[in-house]
Amino acid sequence: MNFGNVLNDDITCLIIEMLGLSDVTSTSHVCQSLRRLAKAVTERRFRRLLVPFGDEAWKDLVGVLRQSKGLITGSTARAMLSGEVGNSMRDLNLVVPHDGFKTLEDFVLDKLGYSCITSTCHPAMTTVTGHFRKYSLATKIITLACPARNQSVLHLILSAPTTADMIYMTTGGLTCFYPQWLEQRVAICTRAGNLVVWDNKLGCAGELHEDLRVEADMAFIGEPCGTQCPTLWHHVGDKRLRKSINWDITDSATNTCNNVDIEWRINTYCDNEACQYNSAIMAGNLEGVGANNRADIKFLPGEIQCRRPRFLQWFKGIFYGAACHRPFLVRVPVMDGIMRVPRLADLYVDYWVRQRDHDAVTCARRHLRKTFHSVPNSTMELEGTYTVFFEKGNGQSTTNRLLERMGRMTGKTSAVNGSILVVKQTLQPNEHIVDMTRDDMLITNFLISSALHHGSL
């Protein structure tokens, strides 16, 4: 045995252990020897965080987390990221998909020996939480939460009380949102965080922190928010506002964000007076809640035109109002903060078809649109693709009388509830959104009639 190499490895490990997870990962890319040591440090850090909650069964806990696709969030995930694991964690916060809740709960109760002390979650999180449990064993606490059925666990992560709580860890990786603020040890309160009263702690909200500066809003930056404004919507697929670090590709944290249809924003308003989207300015605008009839067709274009701040881009689409007698060409603006070539998800369609609730901070909308590359059961070639946007169902939507009449003309009585909006894109590979014309109206009438007849709408 070469004691000199062993000693050098021990010293190197001590140095690596003082680094944050991002630097540990960077170190592993230097050479094979450092890759081996960095991997050992990462695994040891992960083990030190979980052992206090699982003791000898901690490996089984890892296995159940993998099986149920559970995530670790809260202070434990932040400690993994920062490397500050000297102080023993008191809480272990777990979130799991709806279908994995029972599996993980049975393990915590039967295998780890914890006792359930409450099934009531914090009031600020009730709207996004499907099930919640809080367990205790001696001085240790485990919380377990899941979203509503058929919703991603990311709805819970992105509804967290502060940006510093928008972090999660799998057994093989870690992802944090707004990494630039976390690196500066700043936590900005979200809509949920603003609902937390003082001394009624939730995440990083509701108490003082020695290692984090908790801000109620973005006013502390002293300049316009820009694309960081709390009111702007973002998609999980956009990597600019998240950072992932993986040490075991078999349970990568990045996979949790892949092919997931979730949009989020920090808050429903901005109190930064220097921001062009601050609440004082935005209060004078009409909130998009969908349109229905001819009166809406006459009223809404003026609201879109005069909105403050002005929309930077818009396209012409075709609107089939639920109470209209014919389709109309209408302006469809692009959402605020979009500085690239707009995609379908970037269109602010809510003036015409309501797809988001006014007070929502997370949502999924992909299922509310359908793209046609051809006319159903027709040899007609289209010069572009046409996407139909539908309203979010709320149990109060009325049958679209215009589409009902169009369906009857083809011999079908299938009904569509609520208004719809159609937009056009160029063909692949670019698929750019383009303005529609009255000629397109003839094509969309034929396309929709055919789709209604063949049950494709």
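**Close-up views of a predicted model**

View 1. His235 lies at the end of strand S10, which covers 234–235. Strand S12 is made up of residues 263–264.

**View 2. S10 and S12 side by side.** Strands of a sheet pair through backbone hydrogen bonds, either parallel or antiparallel.

**View 3. A three-stranded open sheet.** Here strand S15 comes into the picture, giving a sheet with the order S10-S12-S15. The sheet is open, and its pairing is antiparallel. Which strands form the edges? They are S10 (234–235) and S15 (362–363), each of which pairs on one side only.

**View 4. The sheet in the setting of the whole protein.** Zooming out, the protein holds 13 helices and 19 strands. Along the principal axes, its C-alpha atoms fill a box of roughly 85 × 50 × 45 Å. Of the contacts with a separation of 6 or more, 69% link residues 24 or more positions apart.

**View 5. Surface, burial and charge.** Of the 457 residues in the protein, 51% are buried. The accessible surface comes to about 22000 Å², and carbon and sulfur atoms contribute 50% of that surface. How many positive and negative side chains does the protein have? There are 50 positive and 46 negative ones, with the centres of the two sets 5 Å apart.

Key
Residues are numbered from 1 along each chain as its sequence is written. This is a predicted model: local features need pLDDT of at least 70, side-chain atom pairs count only at pLDDT 80 or more; totals for chains, interfaces and linings use all residues. Side-chain values use heavy atoms; hydrogens and water are left out. Two strands pair if DSSP finds at least two bridges between them. Helices (H or I, at least four residues) and strands (E, at least two) are DSSP runs, numbered from the N terminus. Buried means under 20% relative accessible area, exposed over 50%, partly exposed in between (1.4 Å probe, protein chains only). Contact means heavy atoms within 4.5 Å. Accessible areas come from the Shrake-Rupley method with a 1.4 Å probe; for residues, only the protein chains shown count as cover. Lys and Arg count as positive and Asp and Glu as negative; His and the chain ends are not counted. The place of a charge is taken as NZ of Lys, CZ of Arg, CG of Asp or CD of Glu.
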